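Here is a short tour for a first look. Keep the view open while reading.

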Amino acid sequence: MGETSLTAFAALSFDVYATLIDWESGISAALRPLNARLADADPMKDDAKGLLGLFTRCEEHLEHRFPEMPYAQLLGEVYEEMAKALGVSLDPAVGEKAAFGNSVGSWPAFPDTVDALNSLARRYKLIVLSNVDEASFEKTRTGPLRGVEFAAVYTAQEIGSYKPDLRNFEWMIEHAERDLGVARDGILHVAQALKHDHVPAKKAGLKSCWIERGGDDAAIGGRLEDLKDDVELAFRFKTLGDLATAVEQDVRNT
């Protein structure tokens with residue numbers, strides 16, 4: 001790590017949810033109606049970590065099964081599958097499933113995200129590579145990420161598959177060169193999730209920067225100890241703000 005200068009890149013590609021957006025807080029808030037239906041004696045009651053773990057397992061299964069399903073719809077299916085796993089019956093009239101599917105825009109940004117992105121945008125073209133659908137990301141862009149200027153946005157809906165599918169990265173690389181004039185070696189991929197982002201980024205020949213966001217305690221993305229042979233991290237920071245500060249220092253030292 002650290003052999004390549006941060007100033008060597010022309011563009012930063014980002015995972016959004018877990019890297020820029022605090023998806024754990026957002027998902028936990030959106031799961032409150034389901035949690036409220038659990039009996040007080042249920043071991044999963046008020047177990048935020050346990051519910052997030054169940055969410056990630058159901059999400060991964062459904063993303064693999066339905067790669068072309070828009071994310072808002074898939075989220076609703078995840079909610080229903082979680083309910084079945086927890087032995088909870090959903091009342092269609094209440095609309096919990098649809099509300100969960102439409103909750104993406106309410107998930108908050110990490111406190112450092114917007115300032116860091118605006119700082120990085122002065123140096124790089126910012127690219128989104130996200131597993132959500134276009135409408136869901138638009139809610140995020142005009143909500144918690146309001147004011148940030150992205151040079152390109154590539155979603156799972158547009159690509160037709162979900163990360164960690166290598167097709168998502170090859171699509172982004174191809175379109176970044178076509179749309180922005182940035183070649184593969186000019187892109188640094190910035191993400192929290194090791195399994196969903198850093199493993200396929202290595203396969204795609206991209207340099208990557210790990211934003212630790214919870215480290216091995218994070219509910220998504222896998223543990224570095226388990227995936228260390230499958231990733232090649234050029235840089236590693238605790239937060240996006242730390243990355244932005246390091247870029248500023250590199251620019252001053254150039």
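Predicted model: local features only at pLDDT ≥ 70, side-chain atom pairs only at ≥ 80, totals over all residues.

Strands of a sheet pair through backbone hydrogen bonds, either parallel or antiparallel. Here, strand 1 (residues 11-14) and strand 4 (residues 187-191) run parallel and are joined by four bridges.

Strand 5 (residues 207-211) pairs with strand 6 in the parallel sense, over four bridges. Cys209 has Phe235 of strand 6 as its bridge partner.

Buried here means under 20% relative accessible area.

## Cysteines

Cys209 is buried, because its relative accessible area is 0%, under the 20% cut-off. Cys58 has a relative accessible area of 4%, so Cys58 is buried as well.

A disulfide is a covalent bond between the sulfur atoms of two cysteines. How many disulfides does the model contain? The count comes to zero, with a pair of cysteine sulfur atoms within 2.5 Å as the rule.

## Helix 6 and its buried face

Now turn to a helix. The buried residues of helix 6 (residues 113-120) are Thr113, Ala116, Leu117, Ser119 and Leu120. Seen down the axis of helix 6, these buried residues fall within an arc of 160°, so they line one face of the helix. An α-helix has 3.6 residues a turn, so residues three or four places apart point the same way.

What do the buried residues of helix 6 pack against? They pack against strand 1, strand 2 (125-130) and helix 12 (240-253).

## Ser136 in helix 7

Ser136 sits in helix 7 (residues 134-142). Is this serine buried or exposed? Ser136 has 4% relative accessibility, so it counts as buried.

The side chain of Ser136 makes a polar contact with the side chain of Asp133, at 2.8 Å. Leaving aside neighbours within four places in sequence, Ser136 is in contact with Tyr17, Ala72 and Val104.

Notes. Residues numbered from 1 in each chain as written. Heavy atoms only, no water. Pairing = 2+ DSSP bridges. Helix = DSSP H or I, 4+ residues; strand = E, 2+ residues; numbered from the N terminus. Buried < 20%, exposed > 50% of the residue type's maximum accessible area, 1.4 Å probe, protein only. Polar contact = N/O pair within 3.5 Å; in protein donor to acceptor, adjacent residues only side chain to side chain. Contact = heavy atoms within 4.5 Å. Arc of directions from axis to C-beta.
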